[in-house]
Amino acid sequence: MPDGIVVVGADGRIQMANPAADTLFAAEPGGLVGRSIEDLVPPELAERHRRHRAAFEQRPTARPMNAYDKLLARRLDGSTFPAQIALAPVTLRGERCTVATVRDVTAQLATQERLARAVRRTLLAEDRERIARDLHDTVIQELFAIGMGLQAVVGELDETAPARARLDSAIDAIDDVIRTVRTVIFDVHRADDDVPLRTRVVETVAAVAPSLGFEPEIVLVGDIDHRIPPVVAEHLEPVVREALTNVAKHAGATSATVAVEVGDHLEVRVVDDGRGPGGRRPEGRGLLNLAERAAALGGTFHFGPREPSGSEMVWRVPLGDGA
Ligand SMILES: Nc1ncnc2c1ncn2[C@@H]1O[C@H](COP(=O)(O)OP(=O)(O)O)[C@@H](O)[C@H]1O
Ligand SMILES: [Mg+2]
């Protein structure tokens with residue numbers, strides 16, 4: 001879009017305007033000529049503009065019109081746009097006039113804003129990265145060391161020593177804490193909404209994989225990145241993480257599959273070849289939580305045995321109209 005140029009007489013009337021100026025201010029071709037320049041200023045700024053113009057007439061020098069920090073120009077239809085304006089005095093047929101060059105900087109401002117956001121995001125990401133690294137390098141390593149120390153003590157104890165069971169459960173507890181910290185690290189890494197949902201699913205699985213001891217298979221079907229509304233999307237990672245963490249904690253499996261399918265429903269299916277839900281402890285919160293999440297979205301939740309062995313978790317919610 002070329003710059004709009006208007007020539008304004010000492011009386012504030014527009015004497016000439018180029019076609020770009022007509023377009024910029026939503027005027028008919030030639031429609032700006034004869035109008036007051038204050039017609040192109042938002043009404044609340046018109047009086048101020050008149051005063052500034054009078055001052056300019058006193059000492060006319062070429063300059064950017066930066067008297068107001070954010071300049072708004074007004075189209076003839078009343079809408080406004082951010083403008084960059086430069087003024088230059090000229091003499092036309094003996095009359096002192098002003099040439100105003102007007103540029104719509106909407107796109108420029110948007111680019112600047114995007115750039116500023118990107119910089120802020122990068123700084124935040126660096127912060128998060130550092131926190132995650134600290135957690136990983138210090139907290140997890142120290143917990144590991146404590147666990148190893150206890151393990152060594154267990155090795156020195158008599159098979160029947162009563163302290164053995166207590167130490168074993170302490171070691172289990174430490175393992176649990178390590179798993180939790182890993183999840184936190186993962187969330188810290190992941191706190192960026194710009195990451196597409198498919199990627200987040202893959203990353204969630206990758207985060208749990210170390211405690212599984214094998215790489216689960218991932219099956220993604222349908223347009224997962226675009227078809228899932230935010231209110232549903234926010235559940236996807238927690239559901240996958242809980243189901244897969246259960247496989248790691250309880251199943252003793254050698255393989256597992258995480259399948260996410262999008263159609264008129266979002267279906268998350270996690271199956272393993274482990275010992276199955278037979279000896280299921282009822283006190284867990286995890287499965288209840290999954291059931292509640294499904295119910296809140298008008299969906300269903302199922303957890304049960306799978307043939308020939310292992311367990312199957314199916315979490316399924318409707319995606320509603322247009323999905
Ligand atoms: N994949 C699985 N294989 C075998 N048992 C499982 C599996 N998932 C869950 N369970 C059983 O169901 C119980 C309840 O799970 P959950 O509600 O997530 O609680 P938690 O994981 O805290 O024990 C578990 O304690 C476990 O006995
Ligand atoms: Mg659980």
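Student: Helices are DSSP runs of H or I with at least four residues, strands are runs of E with at least two, and both are numbered from the N terminus. Which loop holds Pro 308?

Tutor: Pro 308 sits in the loop between strand E10 (300-305) and strand E11 (311-318). This is a predicted model, where local features need pLDDT of at least 70, side-chain atom pairs count only at pLDDT 80 or more, and totals for chains, interfaces and linings use all residues. Residues are numbered from 1 along each chain as its sequence is written, chains are lettered from A and ligands numbered from 1 in the order in which they are written, and side-chain values use heavy atoms, with hydrogens and water left out.

Student: What kind of peptide bond joins Glu 307 and Pro 308?

Tutor: A cis one, with omega at about 0°.

Student: And phi of Ala 26, positive or negative?

Tutor: Positive, near 55°, and the residue is not a glycine. Ala 26 is in the loop between helix H1 (19-24) and helix H2 (43-58). Most residues other than glycine have a negative phi, and most peptide bonds are trans.

Student: Switching to the ligand. Which residues come nearest to ligand 1?

Tutor: Glu 242, Asn 246, His 250, Asp 272 and Leu 287, out of 16 residues around ligand 1 (a heavy atom within 4 Å).

Student: Which polar atoms face the oxygen atoms of ligand 1?

Tutor: A polar side-chain atom of His 250 is 2.7 Å from one oxygen atom, and a backbone N or O atom of Leu 287 is 2.8 Å from an oxygen atom.

Student: What about a nitrogen atom of ligand 1?

Tutor: There is one 3.2 Å from a side-chain N or O atom of Ser 311.

Student: How do H7 and H8 cross?

Tutor: Their axes (lines fitted to C-alpha atoms over the stretch in contact, with angles from 0 to 180 degrees between N-to-C directions) come within 10 Å and cross at roughly 150°. H7 is therefore roughly antiparallel to H8 (over 145 degrees).

Student: Which residues in H7 meet H8?

Tutor: His 235, Pro 238, Val 239, Glu 242 and Asn 246 meet Gly 286, Leu 287, Leu 290 and Arg 293 in H8, contact being heavy atoms within 4.5 Å.

Student: How close do the axes of H5 and H7 come?

Tutor: Within 9 Å, crossing at roughly 20°. H5 (residues 197-212) and H7 (residues 230-251) are therefore roughly parallel (under 35 degrees).

Key. Angles under 35 degrees count as roughly parallel, over 145 as roughly antiparallel, 65 to 115 as roughly perpendicular and the rest as oblique. A polar contact is a pair of N or O atoms within 3.5 Å; within protein, one must be able to donate a hydrogen and the other to accept it, and residues adjacent in sequence count only if both atoms are side-chain atoms.
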